[in-house]
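Subject: Structure for you to look at

Hello,

Here is the structure I promised to pass on. Please open it first, then read my notes below.

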Amino acid sequence: MLGAGYFGPFGGRFVAETLVPALEELDRARQDVLPTPAFQGELHELLRSYVGRPTPLTEAKRLARRIDPDGDAIAELLLKREDLCHTGAHKINNALGQLLLAKAMGKTRIIAETGAGQHGVATATAAALLGLPCEVYQGALDMERQAPNVARMRLLGARVVPVESGSRTLKDAMNEALRDWVTNVRTTYYCVGSAAGPHPYPTLVASLQRIIGDEARASCLDRGALPDAVVACVGGGSNAIGIFKAFEGDTSVSLYGVEAAGLGLDTDKHAATLSRGRVGVLHGAKTYVLCDDAGQVIEAHSVSAGLDYPGVGPEHARLRDTGRATYVSATDTEALDAAREVARAEGIVVALETAHAFAALGAIARREAEARGRPARMLVCLSGRGDKDLDTITAYGGGK
Amino acid sequence: MHRIDQRFVELRRAGRKALCVYLCVGDPSLEASGFLALEAIDAGADLLELGVPFSDPTADGPTLARAAQRAIAAGATLERVLDVASRVRARSEVPLVLFTYYNPVLVVGEAKVARLARAAGVDALLVVDLPPEEAAPLRDACAAEGLGVVPLVSPTSHAARIEAIRRASTPLDGAPRAFVYSISMTGVTGASPSDLAAAARDAEGMRRAFDRPVLVGFGIDSGASAKLAAGEVSGGADGVVVGTALARRIEQAASGDEQRRAVRTFVGELRRALDLPD
């Protein structure tokens, strides 16, 4: 019999014993506190008056024509504008919800891991708003390539702890955050940034992020129709699961996740866990993992720090295996090109994570149009803005 | 009776505390680990934990994380650690516990790992990130090969949790009773010792709850702290586990000979401290 928090054969709670009671406590709070009208009322008021929700749907006509000049693949291209959230990405939906929960649980200290820094900034922001001390673990390599977000976190009063071990990226930041948590578990709340990690985090994060999909679905219906396909980038997979959740029961809607193919799927430099991983356990969950025959985790690679992770949320593993969602990938250069394309066509500078979704959009639309015998209505989760990536994009030549 | 259970019966009869020594196998090399294991046994170790290095050791502090990185670089894998186990087994009847994170076991395959472990002369597995709720398939696979799976308890394990661990870790038919690993503090391996005397008292309660031997680990870095964590001869814990403090000495030794001397000296110091009367 499988324990708590499984998605088919994936998920579970694979952690050191010291953390099990803390995860049980968190799961009780998730079930007993999160659904109450008082908690939901406070959260939704903050999401409205502080985050700026609901975020709009933007129709991207120029981009649609650039990707599909003849108009036979894309009937309509809609962007769910999570970049317009306060702090510039969907991560704030999760961080605010979890930190309100931490406060209700009586926790007095917040820790988080971050890759691109978006979750770190969101957590530092929520911690400042709620008056909680906050420490953010970030890989030293990611601190270099996302320097603006490091400065933002510090300005917000958070302590940013550089992680020098392993690949010095998101995986190692999460290792270090778990070590902190196991040491300070009684007072500290660990705010996990993606729909990954041990139960109940994947469920908790998905429940806080599904507002993306709920809003987008309602907006689509207001416009007259559900989309044919929903597209989102997948690292750990929180923006993707957030938008997928609302459409999972709509059998006419195809779901697409786009992973980071780095230098290419056939190289050893990518982060395409669902395309090239195997079933393993990383950071507390059974899921697809990039690891070798001996079970050692392989260092992922992506130009995008937020996707540079050798695991993936366990619910995506199930959606992959059941076929409910399809996972494709885009390379570093495809993503960088897409970022420039979106900026020129729509006046929106997207995060490099999000750029992966745009890079795969043309192929996905053609596939959908072929299957349906008509151009497809496409919905893309624009998960975050790209100010933090300007150095990387400019160095590549995207500023030309 | 299983070798590991026999060892605890003998120790109890002699009124001695068990000294369990952890080695990160492959640090500094697979060959050296075999020698160091035998050195530890000669110097008075009652049990050995043979550690499989893992790329992402989230329960370990910096010392054992560095040891794991060196071991991986030296080519250590779960299967090669078992090769070392079989070389040790050829020379000694000391109980061997394979200490690992879960991913290597899952990827190699639970049934295969149990089969290879038995063939190598291993007595039990300890999987640090596998709580009993998730351990049923491994426990079955191990029991089929006559191997135990060691449960862990922590200072955060409340009464209901201890009862849940006890129920989920009851030895299966054909498997040894082995022991319970009691973590002395909230933290990673190698953290500063906390209240080890309290840990010894907790271990005594744990032994009553589980009706199995209990070893205390984490934060034991000297003969004195080993004695403290083991508790009184007539009560306390059944013994202690020492890992980081030994890995640090191996790391700091300048040559293979020095490493062997360091192991012999330190394990001897622990042994003598544990054998002191109250």
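Chain A and chain B bury about 2700 Å² between them, and carbon and sulfur atoms give 52% of that area. On the chain A side, A:Glu17, A:Arg179 and A:Gln296 lose the most area to chain B. Together these three account for 23% of what that side buries. Keep in mind that this is a predicted model.

The contact draws on 34 residues from chain A and 37 residues from chain B.

Now the polar side of the interface. There are three salt bridges between chain A and chain B. One of them pairs A:Lys171 with B:Asp56, with the closest N and O atoms 2.8 Å apart. Polar contacts link 20 residue pairs across the interface, counting pairs with both residues at pLDDT 80 or more.

Which elements of chain A supply at least two residues each to the side that touches chain B? They are helix 1 (20–32), helix 8 (170–183) and strand 11 (278–282). Helix 8 gives the largest share, six residues. By type, the residues on this side of chain A are 15 nonpolar, nine polar and ten charged.

One more item: helix 14 of chain A, residues 352–372. Its 21 residues should span 30 Å at 1.5 Å a residue. The end C-alpha atoms are 30 Å apart, so the two values agree. Helix 14 also bends, by about 45° at A:Leu361.

Best wishes

Key:
Residues numbered from 1 in each chain as written. Chains lettered and ligands numbered in written order. Predicted model: local features only at pLDDT ≥ 70, side-chain atom pairs only at ≥ 80, totals over all residues. Heavy atoms only, no water. Contact = heavy atoms within 4.5 Å. Buried area = accessible area lost by both parts, 1.4 Å probe. Salt bridge = Lys/Arg side-chain N within 4 Å of Asp/Glu carboxyl O. Polar contact = N/O pair within 3.5 Å; in protein donor to acceptor, adjacent residues only side chain to side chain. Helix = DSSP H or I, 4+ residues; strand = E, 2+ residues; numbered from the N terminus. Nonpolar A, V, L, I, M, F, W, Y, C, P; charged D, E, K, R; others polar. Expected span 1.5 Å × (residues − 1). Bend = angle between axes of the 7 residues up to and from the residue.
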